[in-house]
Structure formats: structure tokens, C-alpha cells
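Open the structure in your viewer and keep the selection tool ready. This tour goes stop by stop.

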Amino acid sequence: IGVDAAILFCDILIPLEPMGLTLTISEGEGPRIHNPVRSAADVERLAVPDPMQGTRFVMDAIRQIRASLAGKVPLIGFAGAPFTLAAYAVEGAGSRNYIHIKRLMYEQPKAAHALFDKLTETVIAYLRAQIEAGVQVVQVFDSWAGHLSRADYREFALPHTTRIFEALAGTVPLIHFGVGTTAILGDLAQAGGDVIGVDWRLPLDEAWTIVGTDRAIQGNLDPAVLLGPADRLFAATEDVLRRANGRPGHIFNLGHGVLPSTPLEHVQALARFVHQWKA
């Protein structure tokens, strides 16, 4: 593709398996947890695993990838944030309204925080193991944080995510990213991260003002633009770059992942355009 970094791909739900949850990922269905967490007793049964026991294959992959990259570009590792992992663990699959996780938060807040605590400890150990294996940057994805109100984010998500960034501070650069987080972007930045990822719903310069210009920012082209004609793709890309205005600390990226139907040549053309424009 011609990008400036490589990222390890390993589904964010993989660490849930050694915690005691049964996970399958099927084509056309996506990830599914077959014994979802719905009570304090379910939370109590979960373990905080040693990452070198349940997910050693991830660390082996990191070492192999670093060797094959041979220093050409840095390697990014990642993990899900506690709320997003909990949303899957409680719902049992993706959801439109996240009724079960919100019900647990509202009806059994102690159990919800206990779940978030265990997930936080698991993520910290998992990311530390990735860093020891050789990743040079880590990214924490809070993919479903945008489904929370600001009050709920501050009560249930922010304290636990903050613990992750505090635990990893000073190790490698840390990226913090959420989807649909315009309403809580300032709070997400408060939770931590050297780089704050933003989606496409807010213009980059406005997002950077909210995040704070003392932070780096990652984003924020709408991935769907890659499905359209080249002139629209390049115009939208140039808008993002002009809003960054040459300020140090902008990592050009999409506002979320590449859509499956995206032509590879469009992604390659985008990378070339950004490099040429910056030059």
C-alpha cells in the first residue's frame, strides 16, 4: 500500500478467550461470545490471564513480523479498551443499542466496574507483552464508546481506560481511538494517549482544538470516500491535510477501518497522494 507503518492484525476479542469466554468468529456472522457475562457471578468466574499463556501466538507473530519488516517501518500493536471489550462480552455479539451492557451498568454497577477492572488488568498485561515482543507503538481501540452518554463514559469507561494509559506511560507512543465520539472527544482525550484518533464526523481542525494542540492527532478521512471517484477522494484528502495546516503531530489516516469492498488501488493512490502533497 505504501503507508508509513505496519499494524499487527489480531481480533480485539482474542484476549477474552483465556479469561474464560468461548469465542467463535464465523464468516457472515462475525464474532460471537457463547457464554456472555450477565451477572456478578459471571464476572467473578473470569480470570486475569497471563498473556504468555493464552495469547503467546500473538507475541510470536510480532517477533516474526518485526523480523520480516527488517526496520522498513515501525510495527503498531493494539488492544480493545475495557468498555468495548465488555460490550462484546456482555452482549455476546455486536449490537445496535447495547441494552445488556447498559443494563449491567445501571442495575449492577459494582459488577460492571468489577468486569471493567478485570478487563483493564488483562489489557495492560497484554499490551506490555506486545511491547516486550517488539511493537513500537500501541493503539487502544474504544470502538463502541460513542454509544455512551458523556456522563456514562466518565463514570464507567474513563477511569479504567485512564489506568491503561497510566500503566504504559513512557514505554512506547500510545494512540487512543474511538468511533462516533464527537460528543465525548474531550473526555476521551482526558483518559489518555499521546495521539488521539478521530473519526470523520468532525473536521480535523475542530477536533484538534477539542483534543488540545499539545497532543498529536490521527485521522480523519471517511473510509467510504475510497469507494468513490478519484477526484472526490483527493479533494476530501486535501481538505483534511489543509485543516492540519502543516502543524507537527498529524498522522494522516482514515477515520476508521478500510471497508471490505474498497479497491486496493484506491488505497494505494491515497497513500501516494498524501506523500506527494506533503512533499
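How many residues apart in helix α11 are E238 and R242? They are 4 residues apart, which means about one helical turn separates them. Keep in mind that this is a predicted model.

**Stop 1: along helix α11**

Select E238 and R242. Their side chains meet in a salt bridge, at 2.6 Å from N to O. E238 is partly exposed, with a relative accessible area of 23%. R242 is exposed, at 54%. An α-helix has 3.6 residues a turn, so residues three or four places apart point the same way.

D239 is partly exposed, with a relative accessible area of 36%.

**Stop 2: from α11 to α10**

Stay on R243 and select D205. These two form a salt bridge, with the closest N and O atoms 3.0 Å apart. R243 sits in helix α11 (residues 230-244) and D205 in helix α10 (residues 204-211), so the pair ties together parts that are 38 residues apart in sequence. R243 is partly exposed, with a relative accessible area of 30%. D205 is partly exposed as well, at 30%.

**Stop 3: a salt-bridge network**

Select R150, R154 and D187. A network of salt bridges links them. The whole structure holds 10 salt bridges.

**Stop 4: strand β8**

Go to N220, in strand β8 (residues 216-221). Is N220 buried or exposed? It counts as buried, at 5% relative accessibility. Its side chain reaches the backbone oxygen of D199 at 3.0 Å. Show the surroundings: leaving aside neighbours within four places in sequence, the contacts of N220 include W200, P203, V240 and N253.

**Stop 5: helix α6**

Select residues 99-107, which form helix α6. Which of its residues are buried? They are I101, K102, L104 and M105. Look down the axis of α6: these buried residues fall within an arc of 155 degrees, so they line one face of the helix. Then show α5 (82-91), α7 (109-133) and α8 (150-168), because the buried residues of α6 pack against these helices.

**Stop 6: a surface patch**

Finish with I1, V3 and L264. Together they make a nonpolar surface patch of about 290 Å². I1 lies in the segment before β1 (6-7). I1 counts as exposed, at 54% relative accessibility.

Note on methods
Residues are numbered from 1 along each chain as its sequence is written. This is a predicted model: local features need pLDDT of at least 70, side-chain atom pairs count only at pLDDT 80 or more; totals for chains, interfaces and linings use all residues. Side-chain values use heavy atoms; hydrogens and water are left out. Buried means under 20% relative accessible area, exposed over 50%, partly exposed in between (1.4 Å probe, protein chains only). Helices (H or I, at least four residues) and strands (E, at least two) are DSSP runs, numbered from the N terminus. The arc is that of the directions from the helix axis to the C-beta atoms. Contact means heavy atoms within 4.5 Å. Patches are made of residues with over 30% relative accessible area and no salt bridge: like charges are joined within 9 Å, nonpolar side chains (Val, Leu, Ile, Met, Phe, Trp, Tyr) within 5 Å. Accessible areas come from the Shrake-Rupley method with a 1.4 Å probe; for residues, only the protein chains shown count as cover. A salt bridge is a side-chain nitrogen of Lys or Arg within 4 Å of a carboxyl oxygen of Asp or Glu. A polar contact is a pair of N or O atoms within 3.5 Å; within protein, one must be able to donate a hydrogen and the other to accept it, and residues adjacent in sequence count only if both atoms are side-chain atoms.
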